[in-house]
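Please keep the sequence and the 3D view open while reading.

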Amino acid sequence: MDRSIALRGLGTLVRCAAAAGCATVAPVPYSEMASSAYMAPDKSDGRVPYRYSTPVDWRAYNKVILDPVVIYRGKDHQFGDMSNRDKATLAAYMQNCFADRLRGRFALVRERGPNTLRIRLTLTGAVTNTPVLGTLSRFDMAGAVYNGVQAARDGEGMLTGSVIYGVEIFDATTSRLISAYVTKQYPGAYDIKATAGALAAATAGLDKGADALMTQLN
C-alpha cells in the first residue's frame, strides 16, 4: 500500500473515531456463563466492568486446577466474524499463558483437594488488529495525538485489537464460587509490537490479563 494513501486513509479514520467517541466493543454479562447471575457492574476498574467477589484469603491456597479454556458459543458472544481457527489459536495461547503465570505461585494439579482452587476461563470475544493502519497510527500526527490521550487514560489504541473473557474461581473442595469477573484486555496504546499481526493485540491483552489475575491471587 502506498504510504501517502495509507496516511490519508488513516487521517480519515482518526477523525471518524474521534467524532464517534471511539466506539469499541464493550463486554456484557454473558448469559450462558454460569456465574453471570452473580456478577454486578463494577466501575472501579475500567477493564473489569462486571465482577462477583467474596471475602477470601488467597494465601490459604497453594494448588490450582486450571480447566481447559472454553470458547463461548452463546448468541451474545463478541467475536464478530472471527474465524474458528483464530478463536482456537487465542484459546490455546490463553491456556498456556495463564498456566505459565499460575505455576509461579501454585502447583498445577488435576484432582480436587484441600487448599486448591479451580479456575475456569471463558473466551467470549476478540477484535483483530487493522492491518498496516494500526501500526501507522502510532507515527501519523493525528494518530499520535489520539493515542497519546488514550495512553494517558489507559484506553485502547487506535485501530488496535482486544480480547474479552470471563474468569470464574472456585474452591475446588466445595465447588463454591468465590470470585468471578468479565474483563476486556488490550495492549498499551503505544505498544508498537502489539500492532503487528492480526492477533498480536489480543495475545498481548491475554498477557496483561494473566498478570492481573496473579496480582489478585497474591
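Arg112 counts as exposed because its relative accessibility is 56%. The classes are buried (under 20% relative accessible area), exposed (over 50%) and partly exposed (in between), with a 1.4 Å probe and protein chains only. The model is predicted: local features need pLDDT of at least 70, side-chain atom pairs count only at pLDDT 80 or more, and totals for chains, interfaces and linings use all residues. Residues are numbered from 1 along each chain as its sequence is written, and side-chain values use heavy atoms, with hydrogens and water left out.

**Arg112 and its surroundings**

- Arg112 sits in the loop between β5 (107-108) and β6 (116-127). Helices (H or I, at least four residues) and strands (E, at least two) are DSSP runs, numbered from the N terminus.
- Ala172 is 60 residues away from Arg112 along the chain, yet their C-alpha atoms are separated by 5.4 Å.
- Leaving aside residues up to four places away in sequence, Arg112 touches Ile65, Ala172, Thr173 and Ser175. Contact here means heavy atoms within 4.5 Å.
- With Ser175, Arg112 also makes a side-chain to side-chain polar contact at 3.4 Å. A polar contact is a pair of N or O atoms within 3.5 Å; within protein, one must be able to donate a hydrogen and the other to accept it, and residues adjacent in sequence count only if both atoms are side-chain atoms.

**Positive phi values**

- Most residues other than glycine have a negative phi.
- Ser175 is not a glycine, but its phi is positive, about 65°. Ser175 is found in the loop between β7 and β8 (176-185).
- Ser175 counts as partly exposed because its relative accessible area is 37%.
- Asn115 also has a positive phi, near 60°, and is a residue other than glycine. Its place is the loop between β5 and β6.
- Asn115 has a relative accessible area of 38%, so Asn115 is partly exposed.

**Strand β6 and its partners**

- β6 is mostly covered, with ten of its twelve residues buried.
- β3 (residues 63-66) runs parallel to β6, and four bridges join them. Strands pair if DSSP finds at least two bridges between them.
- β7 (residues 162-171) pairs with β6 in the antiparallel sense over ten bridges. Thr122 stands opposite Gly166 in β7.

**Thr54**

- Thr54 lies in the loop between β2 (50-53) and β3.
- The Thr54 side chain reaches the backbone oxygen of Ile178 at 2.8 Å.
- Beyond residues up to four places away in sequence, Thr54 touches Arg176, Leu177 and Ile178.

**The whole protein**

- The protein has five helices and eight strands. Their order along the sequence is α-β-β-β-β-α-β-β-α-α-β-β-α.
- Of its 218 residues, 49% count as buried.
- Among contacts with a separation of 6 or more, 77% come from residues 24 or more positions apart.
- The protein exposes about 10700 Å², and carbon and sulfur atoms supply 55% of it. Accessible areas come from the Shrake-Rupley method with a 1.4 Å probe; for residues, only the protein chains shown count as cover.
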